Amino acid sequence: MPRFSVIVPVHQVQDYLNECLDSVLGQGGPDLELIAVDDRSPDRCGEMLDEAAAADQRVKVLHLPENVGLGRARNAGLEVATGDYVVFLDSDDTLTPGLLEAVDGRLRVTGDPDVLVHDYARTYADGRITRAASAHVFGAASPDVFDLAARPDLLDLLQVVWNKAYRRSFIAEQGLVFPAGYYEDTPWTYPALLAAGRITLLDEVGVHYRQRQEGGNILATAGRKHFDVFAQYDLVFAFLDGRPDLDHWRPVVYGKMLHHLNTVVAKPGRVPAADRREYFRRAAAHCARLRPAGYRPPAGVEGARLELLAHGRYGAYQAVRALARARRLVRR
């Protein structure tokens, strides 16, 4: 049984795929299996994966009969994973050299906890590498092993699946699976962190997160698929419904959700202009249904903006944003 199963869903990334695979297969230290899931990629990715498997017996390739999307492709990889720990990697990103050896060392020192969290850096086409703004979270004083109550600031991190290693038996115990649609990391990462009894941190950059210039990030593509964010948070709160022992986290998760809903609609190029009023109506209904009694909005302009979104006040929200932009221009 390998120590790590590295699951890589693959779709239309032939220009980056070899670099991704090499970053995994070049890792030293413990045994690993690389499970590459060809999500019916229309380019040469499927052939490239078969070539990699012929050259290295650690590579397992799954060719899906139809395109199912990132989340369900990861589920397919999970079904055949055999490692003690599972690591997810997107196929245009790379692991940093020596990561799995460092992760293994940290896991062994801390008694094989449920989840390990490491940092990441953004890489750019001009060669720049910038560590994420979350570095201070990893540098803060912390117990070696803890639950989320000891370090609630982990919820301030970008909630992605690929900056963590998960004990495979923990995944099975919690019944963690990825949904279809955009923002598929959300119903995985929140339940994983909330349910984990033992978490540890590794203060190292483990993934180079590629910032593609040609529109490779599907979340930067305008369309109605961004409305999927509502269904994904329904799954998070459905998880909390089944865990009354975690009920005290509802106000915190609601606040993070509201920030996320705001990010989706505020980022240019996501929700089409013609759909923005509908997005606000959906947000109002969504927030009215899920708002917990203990939630208190943040102070200041940010809190006001979030409350306007939560109540579907599109016109007032736009006015507050315009005022904030005007103030920034005056300061400049």
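Modeller: In this predicted model, helix α9 (residues 250–266) and helix α10 (residues 276–290) have axes that come within 11 Å and cross at roughly 175°. Angles over 145 degrees count as roughly antiparallel, and α9 and α10 are therefore roughly antiparallel to each other. On the α9 side, the contact is made by Tyr254, Met257, Leu258, Leu261, Val264 and Val265. Facing them from α10 are Arg276, Tyr279, Phe280, His286, Cys287 and Leu290. By class, the residues of this contact are 10 nonpolar, 1 polar and 1 charged.

Just after α11, Gly312 has a positive phi of about 70°.

Helix α2 (residues 45–55) has Cys45, Gly46, Met48, Leu49 and Ala52 as its buried residues. Viewed down the axis of α2, these fall within an arc of 160°, so they line one face of the helix. Among the elements covering them are β1 (4–10), α1 (17–25), β2 (32–38) and β3 (59–63). The face of α2 turned away from the buried side carries Ala54 and Ala55, which are exposed.

Thr123 belongs to strand β6 (residues 115–123). Its relative accessibility is 14%, so Thr123 counts as buried. Leaving aside residues up to four places away in sequence, Thr123 touches Arg128, Ile129, His208, Tyr209, Arg210 and Gln211.

Definitions and conventions
Residues are numbered from 1 along each chain as its sequence is written. This is a predicted model: local features need pLDDT of at least 70, side-chain atom pairs count only at pLDDT 80 or more; totals for chains, interfaces and linings use all residues. Side-chain values use heavy atoms; hydrogens and water are left out. Axes are lines fitted to C-alpha atoms, for helices over the stretch in contact, and angles run from 0 to 180 degrees between N-to-C directions. Helices (H or I, at least four residues) and strands (E, at least two) are DSSP runs, numbered from the N terminus. Angles under 35 degrees count as roughly parallel, over 145 as roughly antiparallel, 65 to 115 as roughly perpendicular and the rest as oblique. Contact means heavy atoms within 4.5 Å. Ala, Val, Leu, Ile, Met, Phe, Trp, Tyr, Cys and Pro count as nonpolar, Asp, Glu, Lys and Arg as charged, and the others, Gly among them, as polar. Buried means under 20% relative accessible area, exposed over 50%, partly exposed in between (1.4 Å probe, protein chains only). The arc is that of the directions from the helix axis to the C-beta atoms.
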